[in-house]
Amino acid sequence: MSQGLSPIAFLTRTRRPGRIGVTDILSWAWLVLGTLAVLIPVVWAGLSSFKPAAEITRFPPTLLPRAAVQQTVPGFNAPLSLWTVDVDGQPREMAMVRRIGLKAQMVDPSNPGTPVSVDVKTMSPVQRLTIATENYTDPLTRFDFLTFLKNSVFVTFVATLLTLIVNALAAFALSKYRFRGEKAIFVLIISTLMIPLTVVMVPAYLVVVGVGLVDSLWGIIIPTVASPTGVFLLRQYMLTIPDELIEAARVDAASEFRIFWRIVLPLTAPALAVLAIFSVLWRWNDFLWPLIVLSSRENFTLQVGLNAFQGEFSVQWNYILAMTFLSLAPVTVVFLFLQKYITTGIAGTGMK
Amino acid sequence: MSTPKATDLGGRALDFVMGIVEAPINGFERLMGRKRMPYLFLAPNLILFGIFTFLPIAIAVGYAFTGGTGLFVSDRPFVGFDNFRQLLQCEDYLRPGSCRESLFWTAVWNTLWFVGFNVAATLLVALVTALILNRAIAARGFFRAMFFYPVLLSPVVIGLIWKWFLDRNGLLNAFLQMLGVPPEIFLLDVGWSRFFVVVVSVWFHMGFYTLILLAGLQAIPKDLYEAAAIDAASPRRTLFRITLPLLGPNLLVVLILLMIRSVQIFDEAWVLTNGGGPGTANSFIVQYIYQMAFGSDLRLFGLASAASVLMGLVLLALTLIQLRLGRKMES
């Protein structure tokens, strides 16, 4: 096998081929441990979200979701639980009829004759890999999670669409026109980057009450539409579009809005894509602002709903984890496919 | 944005909608002239900024000087510096119990401790990771993506994932039991819960700072390292004489940014610690503001605003330092 194709040579390739120093080993150890530290809590929550309610609090926990097996035995109305029982030194699978103190009455599931009395110390439950889909279906049907999910999708979609339009229009004005107050307006918009929500949350709440948007999904969409990050990102990109294109369109008597819609916007697509990804992530994950603005349950977003849910059902981890995973899944999918855009977008603007 | 070409029907529908939208805008252009168009394009943005960003800033300061429980400024009596006096009145600032607003000072001290540990830990972890990722190491893109992944998750999700991981029946306790260590309810212990709030914060945000530092490292000219190699400089010397001094400005910016963000710790800590517990061990300033204003029926908007203003001043000072550093870096 040639050097270039060997997987070992590929994995250990460093600046000086053939020599692996202590630094390389330490570097690898750091990276691998870091990756494990990132993955383990997430994967653990994911695996746990498939465990049945009875299994999830078992300690020490099993790695994979398992559940006790039940079987219908002829002659008994309710399904019986299966146990591995030691009978005369031979392990056998038997169904438990009832349990009295330290003894249990067991029958052979395939041949239910007279029950045998067995010492409970010698038996252990038969467990099989079981995926508790009810963890996912119950919250969506019995609790309000479908509503929360719908609200989150609505907010994310509408807010992202409006963010793209409103900020692209502003960026177009700030990049392709010379007008009085241009610089002042740009500085004014950018300066709001420095003002965190936490400082203005009380008066911002007052304003939202004042305009009648409190406890409404629009109350979390509209105040976040104008984004200094968005204006900045799109303006910097639009500056690179040659003005000659616009001049040529004007010669052809295109209206200014048509120039924006037909020429500038399509050429800004890569920057719009980056802003769209950011916007989706912001809205999907947003917590503090929806927590303040929304008060009735039917308006909760997924994040606020999850927070409320964990307060009410502090023991029902199977449901909480399933909904956590449901909220995490779209972000993970977005990340898997658009990882490059996101990282270069952040490295390029220094914002998130 | 969906392209009009996606489907013919969708394209035609979009054209139809844009035709309706376009008409009044073109009418405005014919009436007012091309020179005024940028103002029209800026209008939606500026109106929204005005109402939802500038108006609150203007109100914020005024609000802090009013009392009562009314929401609108007109319903609120002017109380001068009373709110600030209430926040700042204290026999001994080191003992929050001796202060009139003991909750506020507990939150201030908790926040300061958190900022100290979190900034140091995040900076260290991010710097080491960035230095390693800057080496010609295999699967670099994979690792960079891996470390960055938590940055994209929601704070509520992160709080819950870690709460489960640290649960009495959680994975960490299972692991400790394998080593023969008795299980611990980490989030009900003052020391452990504070420790894990920092751990979770580092876990959550370090990827972001790693990315910024990595960009800084990659901007260092390669010929400097070549020259160092020719001089047979040791790796340690290269690190301390070339890499770190040239990364200095980036490090400072990251440091300030980290401080600004750490002061505002709320979401993930709130979820992880069930609202700042045990007791008030993890109650931070933003939580104090939130609880004063929205947490109970008291609705102490004036007190909350005064606390916001105080925190805002600290953040403003940090931001001004950051801007100065940024300007210095550019020149």
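Two residues count as in contact in these legends if their C-beta atoms, placed from the backbone, lie within 7 Å of each other. The structure shown in every view is a predicted model.

**The two domains of chain B and the contact between them.** Chain B is divided into domain 1, covering residues 8-74, and domain 2, covering residues 82-330. Taken over C-alpha atoms, the centres of these two domains of chain B are separated by 36 Å. Where they meet, eight residues of domain 1 of chain B are in contact with nine residues of domain 2 of chain B. The side contributed by domain 1 of chain B consists of five nonpolar and three polar residues, with no charged residue.

**The interface between chain B and chain A.** On the side of chain B, 78 residues take part, and they are in contact with 82 residues of chain A. Helix 2 of chain B, residues 37-63, gives the most to the side of chain B that touches chain A, supplying 17 residues. By class, this side of chain B has 59 nonpolar, 12 polar and seven charged residues.

**The domains of chain A.** The domain assignment divides chain A into domain 1 (3-47), domain 2 (70-125) and domain 3 (136-349). The centres of domain 2 of chain A and domain 3 of chain A lie 59 Å apart, taken over C-alpha atoms.

**The packing of helix 9 against helix 12 in chain A.** Two packed helices are described by the angle between their axes and the distance between the axes. Helix 9 of chain A (residues 228-238) packs against helix 12 of chain A (residues 269-285) at an angle of about 165°, and their axes are 9 Å apart. Angles over 145 degrees count as roughly antiparallel, and helix 9 of chain A and helix 12 of chain A are therefore roughly antiparallel to each other. The crossing of helix 9 of chain A with helix 12 of chain A is right-handed. From helix 9 of chain A, A:Gly230, A:Leu233, A:Leu234 and A:Tyr237 meet A:Ala271, A:Val274 and A:Leu275 of helix 12 of chain A. This contact is made up of six nonpolar residues and one polar residue, and no charged residue belongs to it.

**Strand 3 of chain A and the strands paired with it.** Strand 2 of chain A (residues 70-71) runs antiparallel to strand 3 of chain A (residues 80-87), and two bridges join them. Here A:Gln71 has A:Leu80 in strand 3 of chain A as its bridge partner. Strand 3 of chain A also pairs in the antiparallel sense with strand 4 of chain A (residues 90-100), over six bridges, and with strand 7 of chain A (residues 124-125), over two bridges. A:Trp83 stands opposite A:Met94 in strand 4 of chain A and has A:Pro125 as its bridge partner in strand 7 of chain A. Strand 3 and strand 4 of chain A form a hairpin with two residues between them. In the turn of this hairpin, A:Asp88 has a positive phi of about 50°.

Five bridges pair strand 4 of chain A with strand 5 of chain A (residues 103-107) in the antiparallel sense. Within this pairing, the bridge partner of A:Arg98 is A:Gln105 in strand 5 of chain A. A hairpin with two residues between the strands is formed by strand 4 and strand 5 of chain A, and A:Gly101 in its turn has a positive phi of about 60°. Strand 5 of chain A in turn pairs in the antiparallel sense with strand 6 of chain A (residues 116-119), over four bridges. There, A:Lys103 has A:Asp119 in strand 6 of chain A as its bridge partner.

Definitions and conventions. Residues numbered from 1 in each chain as written. Chains lettered and ligands numbered in written order. Predicted model: local features only at pLDDT ≥ 70, side-chain atom pairs only at ≥ 80, totals over all residues. Domains from an automatic or database assignment. Nonpolar A, V, L, I, M, F, W, Y, C, P; charged D, E, K, R; others polar. Axes fitted to C-alpha atoms, helices over the stretch in contact; angles between N-to-C directions. Parallel < 35°, antiparallel > 145°, perpendicular 65-115°, else oblique. Left-handed = near helix turned anticlockwise from the far one by under 90°. Pairing = 2+ DSSP bridges.
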